[in-house]
Amino acid sequence: MKSKYVKVCPKCGSTKIDNDFSNAAKLRFGIELDKKCDSCGYSALSFPEILEKDIKKFKDKIKCQA
């Protein structure tokens with residue numbers, strides 16, 4: 001059985017991550033787009049990837065640090 005990794009937002013723990021198309025210059029010149037969390041709006045060039053089975057543990061850790 002192969003482990004599945006998913007991108008996760010380091011701010012809220014959501015896995016709903018998409019490309020951020022708000023920077024027209026990056027689109028025009030073909031520069032790598034930032035990623036954006038659909039849940040909280042956090043934006044960065046990359047998001048951490050964790051094992052799908054560890055999502056709950058990751059979210060619990062975020063709540064403890066808040």
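1. A word to start with: a residue is called buried when its relative accessible area is under 20%, exposed when over 50%, and partly exposed in between, using a 1.4 Å probe and protein chains only. By that rule, buried residues make up 26% of the 66 residues in the protein chain.

2. Please keep in mind that this is a predicted model, where local features need pLDDT of at least 70 and side-chain atom pairs count only at pLDDT 80 or more, while totals for chains, interfaces and linings use all residues. Residues are numbered from 1 along each chain as its sequence is written, and side-chain values use heavy atoms, with hydrogens and water left out.

3. Now the overall layout. The protein chain has 2 helices and 5 strands, and from the N terminus on the elements run β-β-α-β-β-β-α. Helices (H or I, at least four residues) and strands (E, at least two) are DSSP runs, numbered from the N terminus.

4. On dimensions, the C-alpha atoms fill a box of roughly 40 × 35 × 15 Å along the principal axes. The radius of gyration of the protein chain is 14 Å, whereas a compact globule of 66 residues would have one near 11 Å. That radius is taken over C-alpha atoms, and the globule rule is 2.2 Å times the number of residues to the power 0.38.

5. Contacts come next, meaning heavy atoms within 4.5 Å. Of the contacts in the protein chain with a separation of 6 or more, 49% are between residues 24 or more positions apart.

6. The sheet is worth a look in the viewer. It is an open sheet of 3 strands in the order β2-β3-β4, with antiparallel pairing. Its edge strands are β2 (17–19) and β4 (43–44), each pairing on one side only. Two strands pair if DSSP finds at least two bridges between them; β2 and β3 (residues 35–37) have 3 bridges, in the antiparallel sense.

7. On to charges. The structure holds 5 salt bridges, each a side-chain nitrogen of Lys or Arg within 4 Å of a carboxyl oxygen of Asp or Glu. One of them joins Asp 34 to Lys 26, with the closest N and O atoms 2.9 Å apart. Asp 34 is partly exposed at 22% relative accessible area, while Lys 26 is buried at 18%.

8. Another salt bridge links Asp 60 and Lys 56 at 3.2 Å, N to O. These two residues are 4 apart in helix α2 (residues 55–65), so about one helical turn separates them. Asp 60 counts as partly exposed at 33% relative accessibility, and Lys 56 is exposed at 59%. Elsewhere, salt bridges that share partners join Lys 53, Asp 54 and Lys 57 into one network.

9. Lys 57 is exposed, with a relative accessible area of 59%, and Asp 54 is partly exposed at 21%.

10. Finally, the rings. The structure holds 1 aromatic pair: Tyr 42 and Phe 47 are edge-to-face, 5.5 Å centre to centre with 85° between the planes. Rings of Phe, Tyr and Trp (its six-membered ring) pair if their centres lie within 6.5 Å; planes under 30 degrees apart count as stacked, over 60 as edge-to-face and the rest as tilted. Tyr 42 is partly exposed at 32% relative accessible area, whereas Phe 47 is buried at 6%.
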